[in-house]
There are 2 protein chains.
Amino acid sequence: MSHAAYPWERPLGATPVDDGRVEFRVWAARGRERGVAVRVRGEDHPLEPEGYDIYAARLPALHGDDYEFVLDLHAQEGGRALPDPCSRWQPDGLRGPSRVLDTRRFEWTARRAGINPPGLVLYELHVGTFTPQGTFDAAIEHLPGLRELGVTAIEVMPIAEFPGRRGWGYDGVYLSAAQSSYGGPDGFQRLVDAAHAAGLAVVLDVVYNHLGASGVQAMEAYGPYFTSKHETFWGKSINYDDADCDPVRSWVLQSAEGWIRDFRVDGLRLDAIHAIHDESAHPILQVLCERVHALDHRALVIAESGQNDPRVIRPAREGGLGHDAVWADDFHHALRVLVTGEREGYYEEFGAVADLGKAFKRPFVHDGQYSSFRRRRFGAPARDRRPEQFVVFDQNHDQVGNRAFGDRLPAPARRLAAFCTLLSPFVPMLFMGEEYGEDAPFLFFSDHIDEEIAVATREGRRREFAAFTAFAAQEIPDPQDEETFRRSQLTRLPDPGVEALYRRLLEIRRALPAGGADEVRYGDDPDGRWLRVGRGAFALACNFGGAAIEVPVEASELVLATHDAVRLDDGGVLLPGLAGALVR
Amino acid sequence: MSHAAYPWERPLGATPVDDGRVEFRVWAARGRERGVAVRVRGEDHPLEPEGYDIYAARLPALHGDDYEFVLDLHAQEGGRALPDPCSRWQPDGLRGPSRVLDTRRFEWTARRAGINPPGLVLYELHVGTFTPQGTFDAAIEHLPGLRELGVTAIEVMPIAEFPGRRGWGYDGVYLSAAQSSYGGPDGFQRLVDAAHAAGLAVVLDVVYNHLGASGVQAMEAYGPYFTSKHETFWGKSINYDDADCDPVRSWVLQSAEGWIRDFRVDGLRLDAIHAIHDESAHPILQVLCERVHALDHRALVIAESGQNDPRVIRPAREGGLGHDAVWADDFHHALRVLVTGEREGYYEEFGAVADLGKAFKRPFVHDGQYSSFRRRRFGAPARDRRPEQFVVFDQNHDQVGNRAFGDRLPAPARRLAAFCTLLSPFVPMLFMGEEYGEDAPFLFFSDHIDEEIAVATREGRRREFAAFTAFAAQEIPDPQDEETFRRSQLTRLPDPGVEALYRRLLEIRRALPAGGADEVRYGDDPDGRWLRVGRGAFALACNFGGAAIEVPVEASELVLATHDAVRLDDGGVLLPGLAGALVR
């Protein structure tokens, strides 16, 4: 039997195949003894076994028909009807029926944007708080402005159907169903098409490392989607390498393929791949890249990995996972600590200007040396990887939203932070609103539909921050309170100076030479904390101290400055506190 | 700080440094607050912190001095004296003191054998049952005979100090201390030297995937040697990638280096590497190979891996772990099922002649297809790897000893099994005694010193085999009974026909061309189950049926036959049941 012939490799879920017929296919390792069926328009149609616990049938049905799979059809107490694990549409949320989706009905008006990594500028946005309406459609009007600013791709926080109407999206359950409260799959197609029309690519954040707790029971009714072989921070580990893992792998792989093929997404951002455990000879993370690239060789796979491991972005022939790019948190931490002075938690081991200097070369500051936060040597050198394989940022949903009060980077730190990030040799990512100095927080919010999970989420949040005595007296915002969500919506009140700076930084960025940083020099003593980074004929000069200093440069032109007070002299550039200048 | 300067990289344990002085060094992440000392000749000497919870001192001491480390030296109730985790000598077993060992005192008489993988013929031996005395010294007299037979390396089952006086050795605790009941480190040096003098290399079986339960408490007193991040079949997972893992990694790496450098072992066989979990950017299994090869580029690292994953034996530049060779259980299973008809447990999915035919090309029969035993797709193709990177066998300590009654391959199956194994293109490994048709079983035996573990081992063994109804009425041998051990000792009563066949097979093996199998043909129907494998000008012909058949070959010479009744005809070779012939 050729590998492609395993029945789990065929389309799972509900796939319209020809005029008025839909192919239904489900993996049911459990609940199959007394028959497996699909319920369409109230009628149960038994499915036929294809082997390996896969059940399927082609039946009369149309786009828009609601359906559920029925396990143990002939059980005395009646079968158990459940949503399709591979559902592409959950119009009534997690607990409602699935709905047949024919993605071919959408009339695309624009071509794919195409992504050229050296020119990539990402913009992370959360659909629910990006506009007052919180929908895919409402986001559309803002896209041309982003393109005009210099953004080349939006990165959409997870949209896989999650509990309730509000949430960050990392509790998603139906991996292939665009969130109903955002406007469902049709709405997402419209957003992608509009982005392409505006000249923007779309990267979608997908969560394959765990499943939202609200969906675990409904999934486990079908089979062992989870394994106790490995431990994850967020709960049960998805079964990628234990018995019966192949249909689970197909569930994920087909979801990834569907976003690329049917929703024309230009890339995927894989959430926390360090929590995806797979010790098999065919790691799911490598196979996923191969499958995505087979559909579209220009599609990007961007990993969030907490391991500082260059193997993630090495090609498979060098034993890598073949991802196109990886998030580089160390660049953020090195930068943030310099511009804010914070030293709590994982910031404890940053603070030296040398760290940021190193990060400008390759952003793994920990590339093998001891990490006091982790109490072990951490990471490996990534000198063999290209700069455009690293995504850097000075803010993102986690670094803002996982603070007790979801506060963005303090205003005095913003200009210098953006200067370093946007003029770095890496792929920069903006967090929605930072481009005009948004002051609204991005809080942690949820809308859990299971009381037990709602309480655990609320209490977990409080407990997490109770450790910080500074917050003990204050009230940690309640994630379940709709007001917490409302407060996180963008106000769109601009700081004109910041807005102009971002525009100028993104413009200048395009004039900088490709390739990594050249010479890196710095000072880190009480008289001055400065950094100078060469990029071809250009040099970045930064002052991380509070008082004005002169940073030594040999340059004849002040190309760009974060502040009006910056002056170029013979042999140096005079920078006020927390300021930067590009010279040549 | 350069990586080599981390204090855990310095020699751990007791290292004689110069005339009359010993450097003591220990990692004590626990029990350090009230002082860490070494007790030598009844006197406590405080150790000085070197950072990262490493404590050390150079003190007057000699080879042969007993010592213990003392944790919480100034505790009111008195410090806690424990053996050295890196002990190289435990003359009184697991619970006795450690003893200073100066390996430089041994006067080596012979040079290393040097290993040439294409010429490698391994011989697995268990020191305790190889001779009536069960010691390193007693084994020596049998070495010249093995070399003369055609064996080129002995593979010594684990000798790291384990509980009691009898055991397979996979319960070892002190990784670097040669088992006291076998004769201790001096005895092991004598064995290695004698092997080299006889022209044999020595491969040592080392267990880095778990620790014998009897030692867990004594180790954990010092620090987190274990982690709950991963699950292993045998208990707590060794901490290779969690907080504080670096000194744990050094404990293992220095042990591996010590066997190679100080005991002049020619290679290591790593037990069950699929149970070594390490998700860091520097996998311990890769680092271990680098360190071993840095000491001696010809030293072999041979992995036992249950994943059929060719990455284990790919070089690091191709993203592999860089091991020289890997065990290939599939070859055994495919062969065993054909010659015995057994189909229990993991044998269930073997039985086709095609499986063995495939295994002759590359021995991963499962190289990506579905394994019904594991209920998942399993393995990956290894076509890019050389044949001498796979170790094959028709018997080994597990395949014999993990049977309820430890019975060796049935006599009628032995000749054909040896024929296939020894004439395969892979590295063959014999299990002690099979070369002359030994009939003594190799039972599971132990000598646990902790009553709880003894009871659990005995009952676990009974429970394991109670599932097989055929055995329900019979008594499963008690592993703790010394008689079980005694019954497993070699009788050395030879079957002269078998002995002659092995000698001839190993002789002919050297005449076969290097490289993999050429044409593979087979029949698998009621009229005949036969296999023909081309190796250059030679062809192997096998009959797996019970009745005589003619296997089609075009050959003019019958080079070797397993049985006298074999006849070469025009166009075929006539083979009785379970027989093989090499023709050309």
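What does the accessible surface of chain A come to, and what share of it belongs to carbon and sulfur atoms? I looked this up before anything else. The surface comes to about 21400 Å². Carbon and sulfur atoms hold 48% of that area. I note that the model is predicted, and that the values here are computed from it.

Next entry: burial. I checked the 584 residues of chain A, and 63% of them count as buried. The cut-off I used for buried is under 20% relative accessible area.

Then overall form. I found 14 helices and 31 strands in chain A. The radius of gyration is 25 Å, close to the 25 Å from the globule rule for 584 residues, so chain A is as compact as a globular protein of that length. I also took the box along the principal axes: the C-alpha atoms fill roughly 85 × 55 × 45 Å.

Contacts within the chain came next. I took the contacts in chain A with a separation of 6 or more. Residues 24 or more positions apart account for 70% of these.

I list 65 positive and 89 negative side chains in chain A. The centres of the two sets lie 3 Å apart.

Last entry: the two copies. How is chain A laid on chain B? A turn of 180 degrees does it, with a shift of 0.0 Å along the axis. The RMSD is 0.0 Å. The copies are thus related as by a two-fold rotation axis. I then compared the contact residues: 100% of those of chain A recur in chain B, and the same surface serves both copies.

Note on methods
Residues are numbered from 1 along each chain as its sequence is written. Chains are lettered from A and ligands numbered from 1 in the order in which they are written. This is a predicted model: local features need pLDDT of at least 70, side-chain atom pairs count only at pLDDT 80 or more; totals for chains, interfaces and linings use all residues. Side-chain values use heavy atoms; hydrogens and water are left out. Copies are superposed by least squares on the C-alpha atoms of residues with pLDDT of at least 70 in both. Contact means heavy atoms within 4.5 Å. Helices (H or I, at least four residues) and strands (E, at least two) are DSSP runs, numbered from the N terminus. The radius of gyration is taken over C-alpha atoms; the globule rule is 2.2 Å times the number of residues to the power 0.38. Buried means under 20% relative accessible area, exposed over 50%, partly exposed in between (1.4 Å probe, protein chains only). Accessible areas come from the Shrake-Rupley method with a 1.4 Å probe; for residues, only the protein chains shown count as cover. Lys and Arg count as positive and Asp and Glu as negative; His and the chain ends are not counted. The place of a charge is taken as NZ of Lys, CZ of Arg, CG of Asp or CD of Glu.
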